[in-house]
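Visitor: I would like to learn how to read a protein model feature by feature. Could we look at one together, with the general idea given before each case?

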Amino acid sequence: MENTDISSYIDHTLLKPDASEKQIEQLCQEALLYNFYSVCVNPSWVALAGKLLKGSRVEVCSVAGFPLGAVKSSIKAIETENAIEDGATEIDMVINIGFLKDRNLKQLENDILIVRKSCSDSVVLKVIIETCLLTEEEKIIACNIAVNAGADFVKTSTGFSLSGATIADVELLKKTVGNNAKVKASGGIKTLDDALKMITAGAARLGTSSGVAIMQES
């Protein structure tokens with residue numbers, strides 16, 4: 001796979017709570033240099049990222065309900081609306097994992113639906129299910145509900161929980177959603193080998209803070 005092919009899979013990510021303005025500026029400069037698909041930043045940095053990337057092909061992604069997914073669905077919707085107003089074209093939301101564990105599946109679907117309704121048709125919605133906290137059955141249930149609620153992607157992980165993406169999880173998610181949605185692998189993708197394995201397993205997008213290292217290695 002050529003360098004340009006790898007770069008087009010990468011959401012260049014900086015979601016650390018101590019991220020500074022200078023670091024966000026560097027993130028955007030790197031995204032422009034390597035032609036990454038997007039930058040993924042916390043909501044407070046969306047406007048800055050949008051300004052720095054204006055006129056480029058690099059998208060701006062932000063998060064809702066991050067990283068726990070336990071805030072009210074209405075708060076996730078407000079976060080989504082604000083991020084879009086500031087220039088985000090993609091939203092990565094975290095599901096309420098407790099709803100899934102309790103099999104409150106209608107509440108779980110509504111949690112996703114309210115965010116989907118806060119997005120225009122042109123805004124990409126990725127639904128983070130936090131695979132490391134789920135059984136195989138729960139991963140399948142979460143994927144099916146996300147698809148039913150209109151998700152464009154199901155995403156493995158926040159990168160802030162027990163572990164990140166695994167090959168087995170990416171394969172399972174891809175098998176479950178088929179052509180009805182895409183899969184984003186996130187968490188622990190640090191090397192070119194990691195990236196290639198995730199893509200081979202079925203990932204259409206990679207969330208990583210190691211994009212520059214991966215590109216330099218490739």
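Visitor: How many bridges join β2 to strand β3, and do the two run parallel or antiparallel?

Guide: Two strands are said to pair if DSSP finds at least two bridges between them, and here strand β3 (residues 59-64) is joined to β2 by 3 bridges, the two running parallel. Within this pairing, Ser 38 stands opposite Glu 59 in β3. The element names come from DSSP runs, numbered from the N terminus, where a helix is a run of H or I with at least four residues and a strand is a run of E with at least two. This is a predicted model, in which local features need pLDDT of at least 70 and side-chain atom pairs count only at pLDDT 80 or more, while totals for chains, interfaces and linings use all residues. Residues are numbered from 1 along each chain as its sequence is written, and side-chain values use heavy atoms, with hydrogens and water left out.

Visitor: Which strand pairs with β2 in the parallel sense over 4 bridges?

Guide: That is strand β1 (residues 10-14), where His 12 stands opposite Val 39 in β2.

Visitor: Are the residues on the two faces of strand β2 buried or exposed?

Guide: In a regular strand the side chains alternate between the two faces of the sheet. Buried means under 20% relative accessible area, exposed means over 50%, and partly exposed lies in between, using a 1.4 Å probe and protein chains only. In strand β2 (residues 38-41), Ser 38 and Cys 40 on one side are buried, as are Val 39 and Val 41 on the other, so both faces are covered.

Visitor: How many salt bridges does a search of the whole structure find?

Guide: Side chains of opposite charge can pair when their charged atoms come close. A salt bridge is counted when a side-chain nitrogen of Lys or Arg lies within 4 Å of a carboxyl oxygen of Asp or Glu, and the search finds 15 of them. In one of these, Asp 11 meets Lys 126, with the closest N and O atoms 3.4 Å apart. Because Asp 11 lies in strand β1 and Lys 126 in strand β5, the pair ties together parts that are 115 residues apart in sequence. Both of these residues, Asp 11 and Lys 126, are buried.

Visitor: How exposed are Lys 101 and Glu 138, and where do they lie?

Guide: Lys 101 and Glu 138 form a salt bridge whose closest N and O atoms are 2.8 Å apart, and it links helix α5 (residues 97-101), which holds Lys 101, with helix α7, which holds Glu 138, 37 residues apart. Lys 101 counts as partly exposed because its relative accessibility is 37%, whereas Glu 138, at 6%, is buried. Elsewhere, salt bridges that share partners join Asp 11, Glu 90, Asp 92, Lys 126, Lys 155, Lys 184 and Arg 205 into one network.

Visitor: Where is Asp 92 found, and why does this residue count as buried?

Guide: Asp 92 is found in strand β4 (residues 90-94), and it counts as buried because its relative accessibility is 0%. Contact means heavy atoms within 4.5 Å, and, leaving aside neighbours within four places in sequence, the contacts of Asp 92 include Cys 40, Cys 61, Lys 126 and Lys 184.

Visitor: Which residues have the most contacts inside the largest nonpolar core?

Guide: A nonpolar core is a set of buried Ala, Val, Leu, Ile, Met, Phe, Trp, Tyr and Cys residues joined through side-chain atoms within 4.5 Å. The largest has 59 residues, and those with the most contacts inside it are Ile 112 and Val 127. Apart from that core lies another, of 7 residues, among them Leu 15, Cys 61, Val 63 and Val 94.
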